[in-house]
Amino acid sequence: MEYILHLLVVLSIYAILATSLDILVGHMGVLSVAHAAFYGVGAYVATLAVLALRLPFVVAAMLAVVVGVVLCALISLPAANLRDDSLVIATLCVQVVASSVFVNWEGLTRGAQGIRGIPPPVLLGVSFAGPGRFAVLSGLAAIVAVTLARRTTSGPFGRLLHAIREDEVVVLCAGKRPAIVKIVVLCFAAGLAALAGSLFAGYSGYVSPTSFGLLESVLILSMVIVGGPGGVWGPLGGVLLLVLFPEALRFVGIPANVASEVRQILFGLLLIVVTIFHGESGLAPGRVLRK
Amino acid sequence: MTEHTSPLRCSSLEKSFDGVKALRVRDLEFPVSGITAIVGPNGAGKTTLLNALTGFVRPDAGTVFLGNREITHLPPWRIARLGVARSFQEMRLVRLVTALENVMLARPNQRGERLFAALTGIGVAAEEATNRAKATELLRFVGLLDKTSDLAGQLSYGQQKLLSLACCLAGEPRVLLLDEPVAGVHAEVAQEILNLLVRLAAQGRLVVFVEHDFSAVRRVADMVVVMDQGSVIAAGRPEDVLSRPEVVEAFVA
């Protein structure tokens, strides 16, 4: 039971990450490999706010979101006019720099050894220690995050995102500014990733650079692509598959050290298969319409 | 803007690409309203002129005025907001959404396109209803009412041209700049589009369109601007201009 609740916590954190990344990748057509950077920023900010500033968890989580959003705004202001390949490279750079900061700013992050001893969140006098109680907290956060994400991808805002994905000139001709919309949406997604980061810190009690590296960004992106980007349930399907699939390997009797290698190979295979059957790039839905 | 100043004029407009002068227009003043056709052989600079007028290309020199306001270096979205709508030779539509949504997207200044309003939903539903009604009205105007819920990418070429026109009208523009709105379109649909342009001009708008077919130009244009090698070589009433020897020569060459 404990194990299943633990999986629920992991699933809900990844649900926030994948859904927020899907706003960028699936709906707005911005391929980002920097999502784990903001996930990490959220985790570190929440950790330091709780441990160094002695702030309550909720305030620490809010601070994490604010810092994530502000950082993303600063980074995306100069990057907003980039498109396609150069934008992907820019996000890669952000991720590499962030990873490097997590490892090398030892005074703040304690480098590769990470920070231990983050106390479990306490809300209104109730401690959310252990997977059982934490699953409620992270589950609620995931429901709120997915609902908010859904609101940005439907209605007039969703229409605008889809237009930016298809052709920014259409948006310009309508008297709208795609660059501003992109910055706002990048910041929104970064804020949600930072929220997920603060939940991760509060749950695991330990943060270290390996949790927020390029591989993590690729994992979140894989969830979006495998699940089918640009839908509501697609990324959640990808989360289920990519979280539960490696867990299943445990029960097949593969030793833990081998399992992690096998996992990487299977992820790679899965991605290849999905991209082959999901059109040329595996990105936006219905790309088939394009010549 | 007084009724007697030209809504759109430019002077000494120049643009080079890799050292080749693509545009050098000394003085060009469009009439207050009516239909103006821009004609010229391929590579004459017609599209570059439209791009320079709408901010998609930054001219190397010269000025563009919209009424009394200089718009030379404004970005395309600002110029669109000032009431200049633009269509492109290659279709610029959101192919994966419906015809109706394409026109709704083109409606300006929507509250629901701000993140806060999208997240809270405040005031969005009523605004959407208004925009849907206006968009439906425009689709009726261009004769696409039965295609409202078809994906834009699945419409025929002529229907896509009509849809682009509806999108251009969504912002209630004062000036329409259309790049080959009837090129490659079936004769019947082309006539339909030309009739619409006449109706739009009759409502007091300035309609400028790029066209190759002289018979279409003769039928609807009040003024014709002939371009060759980046310059305006003649401008005036079609019956006066189109038979001039230098114009004929430019086209034969």
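How many residues does the contact take from chain B, and how many from chain A?

## Where the two chains meet

In this predicted model, the contact takes 27 residues from chain B and 24 residues from chain A. On the chain B side, the elements that give two or more residues to the part touching chain A are the helices α2 (76-81), α3 (99-106), α4 (115-120) and α5 (124-141) of chain B. Sorted by class, that side of chain B has 15 nonpolar residues, together with 5 polar and 7 charged ones.

## Chain B as a whole

Chain B holds 10 helices and 10 strands, and its C-alpha trace spans about 60 × 40 × 40 Å along its principal axes. Because a compact globule with 253 residues would have a radius of gyration near 18 Å, the 19 Å of chain B agrees with that expectation.

Of the 253 residues of chain B, 46% count as buried. Among the contacts in chain B with a separation of 6 or more, 66% are accounted for by residues 24 or more positions apart.

## Two domains in chain B

The domain assignment of chain B gives domain 1, which is made of two stretches, 1-83 and 173-253, and domain 2, which covers 98-168. Taken over C-alpha atoms, the centres of domain 1 of chain B and domain 2 of chain B are separated by 27 Å. The contact between these domains takes 11 residues from domain 1 of chain B and 9 residues from domain 2 of chain B.

Which helix gives the largest share of the side of domain 1 of chain B that touches domain 2 of chain B? That share, 4 residues, comes from helix α7 (residues 187-202) of chain B. By class, this side of domain 1 of chain B has 7 nonpolar, 2 polar and 2 charged residues.

## A four-stranded sheet in chain B

One open sheet of chain B has 4 strands in the order β2-β1-β4-β5, with antiparallel pairing. Its edge strands are β2 (20-29) and β5 of chain B, each of which pairs on one side only.

Strand β1 (residues 8-17) of chain B runs antiparallel to strand β4 (residues 61-66) of chain B, and 5 bridges join the two; within β4(B), Ala61(B) is the residue that stands opposite Glu14(B). On to the next pair, 2 bridges join β4(B) to strand β5 (residues 69-70) of chain B, again in an antiparallel arrangement, and here Leu66(B) stands opposite Arg69(B) in β5(B). These two strands, β4(B) and β5(B), form a hairpin with 2 residues between them, and Gly67(B) in the turn has a positive phi of about 60°. As a general point, the side chains in a regular strand alternate between the two faces of the sheet.

## A residue in chain A: Tyr203(A)

Leaving aside residues up to four places away in sequence, Tyr203(A) touches Val9(A), Phe134(A) and Ser138(A). Gly268(A), by comparison, is 65 residues from Tyr203(A) in sequence, and the two are 29 Å apart in space, C-alpha to C-alpha.

Conventions. Residues are numbered from 1 along each chain as its sequence is written. Chains are lettered from A and ligands numbered from 1 in the order in which they are written. This is a predicted model: local features need pLDDT of at least 70, side-chain atom pairs count only at pLDDT 80 or more; totals for chains, interfaces and linings use all residues. Two residues are in contact if their C-beta atoms, placed from the backbone, lie within 7 Å. Ala, Val, Leu, Ile, Met, Phe, Trp, Tyr, Cys and Pro count as nonpolar, Asp, Glu, Lys and Arg as charged, and the others, Gly among them, as polar. Two strands pair if DSSP finds at least two bridges between them. The radius of gyration is taken over C-alpha atoms; the globule rule is 2.2 Å times the number of residues to the power 0.38. A residue is buried if 20 or more other C-beta atoms lie within 10 Å of its own, exposed if 12 or fewer, and partly exposed in between; C-beta atoms are placed from the backbone. Domain bounds come from an automatic or database domain assignment.
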